[in-house]
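Please look over the sequence and the model first.

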Amino acid sequence: MKYAPVIAVLALLWLAVFWIFTTDHPPDALGYPHVRAELAQPEGATKTMMFQGGIGRDRHIQVSLAGMFFGIVTLTGFSLLIAWGCRSRHASQEIAAFFWNLMVMVAIVLVGAFLTMCTVYQSSWDRPFEPHYLGPFPFGTTLMFLGICGVPVGFIVLYVLFYREFILPTRSLARFNELVAARESAAEKDDVIA
Amino acid sequence: MEEYRSYIVFGCILAYMVMCIAVGLWAMRRTKDTSDFFMAGRHLGVLVTSAAVFASTMSGFGFVGGPGIAYKHGTSSFWMMISISVGMCIMFFLLGKRLRLLAGLTNSLSVPEIVASRYKSNRTGGLMAIALLPGVLIYLAVQIKAMAVVLFDLLQDLSWTSSISIEWCFFICCSVLVFYCVTGGMVASVYTDFIQGIIMIGAALLVFYAAMTTLDGGFTEMAQIITQDDPEAMQPWGTMGMISCLSIYFIMAFGVCGQPHVISKLMMTKKPEDSRHLLPLSLGGFILSAVLWVSIGITMRAVVVGDFHLPLANADEASSAFLTQYAHPLLAGVVFAGLFAAIMSTADSFLNIGAAAIVHDLPKLLFNRQIKRELMWARIMTVIIAVGAALIAYFAEDTVAMLGVMGWSAFAIAFVPTVALGLNWRRANRLGAELSVLAGFGVYGILFFKGIELPFKFHPGAFSLLVTVTVFFMVSLATPPDDIDKDVEELLEL
């Protein structure tokens, strides 16, 4: 039971991979050389130097659910890994619930940002040449920068703020110093005997 | 000032190389034993270590290859970059504390030695050292080749150096790199990393400003130009598509904690609790320097598809084309110095861990012997590795670049389960560690060398890492746990 989350995440990741591998896609779904030949392969180029993606709906419609599933499981797995790294024998019990709730909230916001990005991207399929903008970039792309790249800052804030309570509590540090001292004195004894 | 552009760029690079040599000479006085040479005496401050962490993560790829892929594939390129934010979180949460504590307890000087202490198995540690060496040589060869080629291109623009051969460029670049690595070891490496990191951030911010002012409407206009040409190129998945981007995100983010040249820096801080400040500083530095990647990538794609600039015959020329055409000569000089800084900061780390693996780890872990006069041999080995890597880079040509692509994934397969997961899970055992690495390399080797393309261009490294982690967990759960030192066992729970 202790290992259930790990086994579940691994199983879901494999399920996502299987789902993706067994999904069909149109031949151009993974990009094709730019339709303007002088951009795709300019003079002096030995291979394609610029690609196009084409029509978003056509290339992603079949795999969008499998992709979203893979993305959610990946981000959930990463959040679990981060939570796993917070374990400490001497972690504070008084504010544990508060801390873990905050961790879960950051994870939910991260997955939420990913789902919003996917949804916003899919909503641009109807008018691909006139997407909604948020800042200088299309809405989905801005969410990629601010959401997928930006939300993990929440984990960093928790790491810095709760470092003494959960990551490396004072008692753990003191115990570490004791272990180092014990090893050094044992090594000295061995030297004397030798 | 435009007519002096080549001289200004050359002057900036010359000043940068002189600085590297000066740091090497300064660090020589602080390098008294192998602990200083391989671990900088384990007394580095927070600022220096954080700069070393992000400068090692952002290799020359971020300054040349990244913008090139953005030119070629649009926003798909940025998934490599944005993955580092969650990747660094995973790395610090899993390893920031534990690597430093275990290094302090066992007095380990390298990652393979940490593995040997964790699993109480010299064989497992030795295997890690062996797995490390080909990756070090190939990665180093790629970095040396990149430096030599960039220097060669720059010198062609100067009338009095245009006849210089590529062989001389190899020699100059290797000499500077080897000089400060041999004299100052890891001390020189991290202090040059610190200066290199500052140069990289400064260069990136200046490029951001120059890129923003390239077209009147700034990035909004560029995004619109790209969208009108091909909407997908400016949407989140770029031209490569959703699955390809997500699998790249998976291997890049999860793989950070398996990069030996990055994680070895976590063992060097003065106090274990320093990792508290390392995480925000390292990630902040990385994101600031990655601004260059985004700025140049978007700008060059926009100006080319908008017919403001001629198409590039080589996508990797995006950075140099931008700097030549749209940047002030002084800025171009700083950015080229930043490019050398990015390459050298990665190369010096590999030189150091390679020398540690041969001089320190292999004799100790596989033959239970310690070499006499280790510091002297470490210096000699640093020279030999650099010369070997330069020869590989010179003679192997395209094969090196191709193998260099493998580097990140190969290190992730070898070190993510064994180190990042193993240091957090008492139940992990040496059989699980060894079999997982073999399985991961087996799958990755077949996919890579047979040229098998997975559906939706799913990244072969991501698939192999998933295999590795699965084998690691399953074998460790199915076989009895190892008997390890009691204090190490307790430390894993601290």
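In this predicted model, the side chains of B:Lys364 and B:Glu113 meet in a salt bridge, 2.4 Å from N to O. A salt bridge here is a side-chain nitrogen of Lys or Arg within 4 Å of a carboxyl oxygen of Asp or Glu. B:Lys364 belongs to helix 16 of chain B and B:Glu113 to helix 7 (residues 111-119) of chain B, so the pair ties together parts 251 residues apart in sequence. Helices (H or I, at least four residues) and strands (E, at least two) are DSSP runs, numbered from the N terminus.

**Conventions**

- The model is predicted: local features need pLDDT of at least 70, side-chain atom pairs count only at pLDDT 80 or more, and totals for chains, interfaces and linings use all residues.
- Residues are numbered from 1 along each chain as its sequence is written, chains are lettered from A and ligands numbered from 1 in the order in which they are written, and side-chain values use heavy atoms, with hydrogens and water left out.

**Salt bridges**

- Over all chains, the structure holds 16 salt bridges.
- B:Lys364 is partly exposed at 30% relative accessible area, whereas B:Glu113 is buried at 4%; buried means under 20%, exposed over 50%, and partly exposed in between (1.4 Å probe, protein chains only).
- Within chain A, the side chains of A:Asp126 and A:Arg57 form a salt bridge of 2.5 Å, N to O.
- This pair links distant parts of the chain, 69 residues apart: A:Asp126 is in the loop between helix 5 (96-123) and strand 3 (133-134), and A:Arg57 is in helix 3 (residues 56-60).
- A:Asp126 counts as exposed at 60% relative accessibility, and A:Arg57 as partly exposed at 35%.

**Between chain A and chain B**

- In chain B, 90 residues are in contact (heavy atoms within 4.5 Å) with 86 residues of chain A.
- The two chains bury about 8,300 Å² between them, 72% of it on carbon and sulfur atoms; buried area is the accessible area (1.4 Å probe) that two parts lose on being put together, summed over both.
- On the chain B side, B:Phe93, B:Arg276 and B:Phe456 lose the most area to chain A, together 11% of what that side buries.
- The rule finds six salt bridges across this interface.
- One salt bridge joins the side chains of A:Arg183 and B:Asp485, at 3.3 Å from N to O.
- In another, the closest N and O atoms of B:Glu490 and A:Arg175 are 2.5 Å apart.
- B:Glu490 lies in helix 21 of chain B and A:Arg175 in helix 9 (residues 170-193) of chain A, so this pair joins two chains.
- B:Glu490 is buried, with a relative accessible area of 16%, while A:Arg175 is partly exposed at 27%.

**Nonpolar core**

- The largest nonpolar core has 255 residues, and B:Trp79, B:Phe93 and B:Trp237 are among those that touch the most other members.
- Such a core is a set of buried Ala, Val, Leu, Ile, Met, Phe, Trp, Tyr and Cys residues joined through side-chain atoms within 4.5 Å.
- Beyond residues up to four places away in sequence, B:Trp237 touches residues of both chains, including A:His60, A:Phe114, B:Trp79 and B:Met242.

**A buried asparagine**

- B:Asn352 lies in helix 16 (residues 329-367) of chain B and is buried, with a relative accessible area of 5%.
- Apart from neighbours within four places in sequence, B:Asn352 is in contact with B:Phe37, B:Phe38, B:Gly185 and B:Met186.
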